[in-house]
Structure formats: C-alpha cells, structure tokens
Amino acid sequence: MRIIEIKETGSTNSWVTENLKDADAPCMVYALRQTAGRGQRGNSWEAEPDKNLTASFMLRPENVAVASQFVISEAVALAVVDLLRKFNVEALVKWPNDVYVGDRKICGILIEHSIMGMGIRRTVAGVGININQTLFLSDAPNPVSLAGITGREYSIPEVAALLADCVGKRMSLACAADDDGRRGLHEEFVGMLWRGGDGLYPFFDRKRGEGISARIMNVAPDGMLTLQTEDGELREYAFKEVEFVL
C-alpha cells in the first residue's frame, strides 16, 4: 500500500477526498499536524501536533455490496486492534467502531463511502490513534494513548507503516470474492466487542429518550446493534440511536 506523509492539513479525510479520489490502488495518508480532525457525530478529534497518528485510507472495496458496507468498518477497527497487539496492548471495539483499552478510548474511526448503484465506488476511512500524547485538554471523558499505557514513545512513521499493513490484510478478507472471509471477519468483530458477553451495562436509548440496563446480543452484518434489556426485551438500533453510558 502506498503511504504518503504530509506535514499539516485540516482533515486527512478531506485531503484524501480532494487529492486522491481517482486513485486506483489503495493508499494511506497521514498528517503530522491535523488542525480540524473530524470524529463521529460531527465531533472534533483532539490531536497534539507530532504526537499522534491521524491518517486516512483511500480504499476500493471490491465485492462489497452497499448492504454489506459495515464489513469495511469492522475490518478497519480490527486492524487497529491488530496494530495495538504488536505493542502488547489488548484492545476491544466499542460499537460501531471506536477502539478501547479497558474503559478508555485510544482510537476513533470515521468511515465515508461514495456509492454508485449497488456498489461502493470508494471508501475513505479516517483513523485517529493516540500514540505519544499524554495530556488531553478537550472535554473527551476517557482518552488514553499508547505511550500512556506502555510508558514509552513511538515513531509515528513506523506506527503508520504497521497500520497500513494491518489494514491491507483485514481489507483482503472484507473484499474476498466468497463470503468466508467476510463471515469470519464479522464473527471476530462480534467476539471483540467492548462490553460484550453476558454482563448488563447502562445505555441511553435515544429513540425512546430513556436510560436502560442491557446486554449486547448481536451486531448484524449491516451494523445494526441488538440489545436485550434486563427484563428480556430485545431492542434493535442503528448508529446514533443508542449510546453507551460511561
């Protein structure tokens, strides 16, 4: 995979969309300074200059139907988990695609698709990973970095190269011509969910405007989350319809 380093940009997702929209092969762009990084739900992403990995991938997801697009999100999230394991850090995926170490967020992911007909023309996957930053000034409730966990600093270009390799390997499964690769990827994603298992956890149901105690039952291939409340009721949610209470 081609890797491009840029000194500074507002948003790597925007830079990739503006400059690499016609690229045929997958590539990765990372910025040493990102001044207007974007997160989910329109949030900004705090990143101290020269301290973190703020990157975006231009992907051409062959063989992935629009109805199955969530597999790309699964692939990128699991690639970050793979990366952290290389540094002996175990992580889980907070639905839909944040990456947590314990109860603290180390990575945010923003997936943007360009759709043509029944297929995906291109995907821009933005990944922000806290690497060497140890002081966080935003009101984010629970950030953590790789350096904060391990007590050492890392080379951003070296981490970027490792992440590119991890994303490439996971995307080869997501784009497999048969369903076996995608099925295995999805099952692994479900097994790696933060707050998965049998425990009850607090959520806020935005559709009904109420707090609930529930367990994660499943994530469908299209990304829909199924929770079971403490009284046994099954509720299904799309992204933004429910939030985890920390």
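Predicted model: local features only at pLDDT ≥ 70, side-chain atom pairs only at ≥ 80, totals over all residues.
Residues are numbered from 1 along each chain as its sequence is written, and side-chain values use heavy atoms, with hydrogens and water left out.

**Exercise 1.** Work out how α2 and α4 are oriented and which residues meet.

*Solution.* 
- Step 1: locate the helices, which are DSSP runs of H or I with at least four residues, numbered from the N terminus. Helix α2 covers 70–85, and α4 covers residues 156–174.
- Step 2: take the axes, which are lines fitted to C-alpha atoms over the stretch in contact, with angles from 0 to 180 degrees between N-to-C directions. Those of α2 and α4 come within 8 Å and cross at roughly 140 degrees.
- Step 3: classify the angle. Under 35 degrees counts as roughly parallel, over 145 as roughly antiparallel, 65 to 115 as roughly perpendicular and the rest as oblique. The pair α2 and α4 is therefore oblique.
- Step 4: list the contacts (heavy atoms within 4.5 Å). From α2, Val71, Ile72, Ala75, Leu78, Ala79, Val80, Asp82 and Leu83 take part, and they meet Val159, Leu162, Leu163, Cys166, Val167, Arg170, Met171 and Ala174 of α4.
- Step 5: sort by class. Ala, Val, Leu, Ile, Met, Phe, Trp, Tyr, Cys and Pro count as nonpolar, Asp, Glu, Lys and Arg as charged, and the others, Gly among them, as polar. The contact of α2 with α4 has 14 nonpolar, no polar and two charged residues.

**Exercise 2.** Close the set with α2 and α5: which residues meet?

*Solution.* 
- Step 1: the axes of α2 and α5 come within 10 Å, crossing at roughly 60 degrees.
- Step 2: this pair, α2 and α5, is therefore oblique.
- Step 3: Phe70, Val71, Glu74, Ala75, Ala77, Leu78 and Arg85 in α2 meet Arg182, Leu185, His186, Glu188 and Phe189 in α5.
- Step 4: the α2 and α5 contact has seven nonpolar, one polar and four charged residues.

Notes:
Helix = DSSP H or I, 4+ residues; strand = E, 2+ residues; numbered from the N terminus.
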